[in-house]
Amino acid sequence: MFNKLSTESYKGVRDFYPADMAIQKKIFGIWRNIVEKYGYEEYGASILEPADLYRAKTGDEIVNEQTYTFTDRGDREVTLRPEMTPSLARMIAGRRRELIYPLRWYSIPNLFRYEQPQRGRLREHWQLNVDIFGVDSINAEIEIINIAYDITRMYGLSDTDFEIRVNDRRLMDYITRDVFGLDEVQAKKLAKLIDKKDKLQPQNFELVGREILGDKFEQFLTLLNSENFEEFTSRLPQTKEEHIGLKNIKAIIAGLEKLGITNVIFDQTLMRGFDYYTGIVFEVYDKNPANRRSIFGGGRYDDLLSLFGNDKISAVGFGAGDVIAKDLMETYGSIPKEDGSIAQKGSSTDIMICIVGIENTSYALDLAQSLRLKGFRIAVDLSGKKVGDQISNAGKRNIPKVICIGDEEVKTGKLRVKDLDGGEEVMMMEEEIQKIIK
RNA sequence: GUGCCUAUGGUGUAAUGGUUAGCACUGAGGUUUGUGGAACCUCCAGCACGGGUUCGAAUCCCGUUAGGCACCCCA
């Protein structure tokens with residue numbers, strides 16, 4: 001006896017049967033279509049990277065515990081990419097003198113994280129990455145958010161279903177350091193606390209908050225609980241010049257409004273990755289109470305290329321995952337919910353040629369080849385089954401038309417083209433087939 | 001890493017602790033060697049694994065494994 005192999009896919013990764021692949025292709029199609037409308041070019045990279053690429057940016061702990069890292073036969077440490085941005089930064093840094101700025105690039109990589117899989121989070125997922133390099137002004141943020149908005153609409157959400165939340169890292173730095181006078185360690189703690197505000201019980205939030213801020217906690221809480229941007233601003237200490245973060249947020253909200261995007265709000269609790277972003281950060285949120293969550297996240301990261309010892313290049317970008325895209329499109333109706341069928345809905349084959357009598361096989365194969373040269377997508381049923389089964393089989397594959405080849409057709413050259421939706425059959429010569437397809 | 005839940009043919013499911021574990025779909029074959037989606041018939045195929053309780057376990061208990069969900073984390 002031997003142990004039978006499991007047919008399960010590896011934990012946290014997915015198989016894409018044709019029906020799943022059709023959905024995946026549709027999502028990727030939406031992504032490509034929109035970003036290319038904005039002039040973005042596609043790039044790619046290997047899923048393998050030296051582990052150092054991620055160590056430099058994050059910490060050993062994250063690399064060791066949350067990535068797939070192994071040693072290759074040449075004793076090099078290799079990591080399956082957990083995100084695309086370091087690869088992108090590496091590629092741009094390597095050719096920084098040859099590239100033409102502003103640079104608009106996108107990619108749809110698969111990314112790997114070693115985590116416990118759960119709803120909306122797997123060990124492998126595909127993520128659209130959209131980045132613009134070399135634009136210092138907030139026009140970069142506006143363009144990137146505009147793209148994120150377009151994609152969200154294309155998922156099937158209307159403006160009232162979601163909101164775009166923006167904040168600025170420099171504003172938060174200003175508040176934690178200058179207004180409350182925290183050192184770097186305490187500032188980070190506070191940032192983390194702000195990020196978790198909605199998850200924690202108010203008492204726990206206050207407990208930790210007081211630990212960091214002492215009696216300044218009330219002032220902090222008032223600031224954090226501001227209803228809107230104006231109120232928030234008015235509660236900040238007045239300075240001679242308006243803070244750059246405030247100025248940026250205001251300009252972005254106004255700029256997007258000019259483009260007809262009005263569901264943008266300032267969110268003082270929005271943090272996102274601490275060491276990564278240098279300016280504006282944003283998230284697109286699904287407001288549906290059933291699955292309140294982030295659809296996209298992104299922001300400005302002007303310092304990343306300095307990892308490679310080069311000058312800074314300003315950058316703004318965001319990422320969008322395929323798992324959430326699929327969930328949303330099912331929820332908001334732009335794709336049907338899974339029905340468990342294996343076959344794809346619309347077949348990629350135009351005609352199935354059925355063979356009646358094995359002696360007619362070579363005629364059928366010649367016909368298939370001839371039709372392919374004319375541009376049709378033709379499959380031949382080689383099963384040798386009864387013609388009824390062959391037709392039934394084509395129907396199950398959602399192939400729209402069949403042609404049966406038997407003695408009669410071989411003798412006369414007249415083909416009976418059967419439409420599997422309506423069931424009617426039309427007699428025609430080979431040359432006439434293009435009339436009924438496309 | 002922690003907690004909770006779940007585990008019956010390929011899929012979806014049924015079975016007060018008591019017959020040979022039932023049904024539907026799928027698959028293979030047939031009624032029907034030239035026309036599908038219908039009907040009927042036959043066949044393939046299952047209690048995740050290991051212990052325990054019991055006269056008797058798919059069913060109750062324990063452990064293991066796997067999966068889901070949540071926490072942690074989310075670069």
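The radius of gyration used here is taken over C-alpha atoms, and the globule rule is 2.2 Å times the number of residues to the power 0.38. By that rule a compact globule of 438 residues would have a radius of gyration near 22 Å, whereas chain A has 28 Å. The C-alpha trace of chain A spans about 95 × 55 × 50 Å along its principal axes.

This is a predicted model, in which local features need pLDDT of at least 70 and side-chain atom pairs count only at pLDDT 80 or more, while totals for chains, interfaces and linings use all residues. Residues are numbered from 1 along each chain as its sequence is written, and chains are lettered from A and ligands numbered from 1 in the order in which they are written.

The confidence values are as follows, pLDDT being the predictor's confidence in each residue, from 0 to 100.

| Item | Value |
|---|---|
| Mean pLDDT, chain A | 86 |
| Residues of chain A with pLDDT 70 or more | 93% |
| ipTM, complex | 0.81 |
| pTM, complex | 0.88 |

Of the 438 residues of chain A, 28% count as buried, meaning that 20 or more other C-beta atoms, placed from the backbone, lie within 10 Å of the residue's own. A nonpolar core is a set of buried Ala, Val, Leu, Ile, Met, Phe, Trp, Tyr and Cys residues joined through C-beta atoms within 7 Å. The largest such core has 62 residues, and V130, I144, I145, A148 and V166 have the most contacts inside it. Apart from this core lies another, of 16 residues, including A364, C404, I405 and L415.

Terms used
A residue is buried if 20 or more other C-beta atoms lie within 10 Å of its own, exposed if 12 or fewer, and partly exposed in between; C-beta atoms are placed from the backbone.
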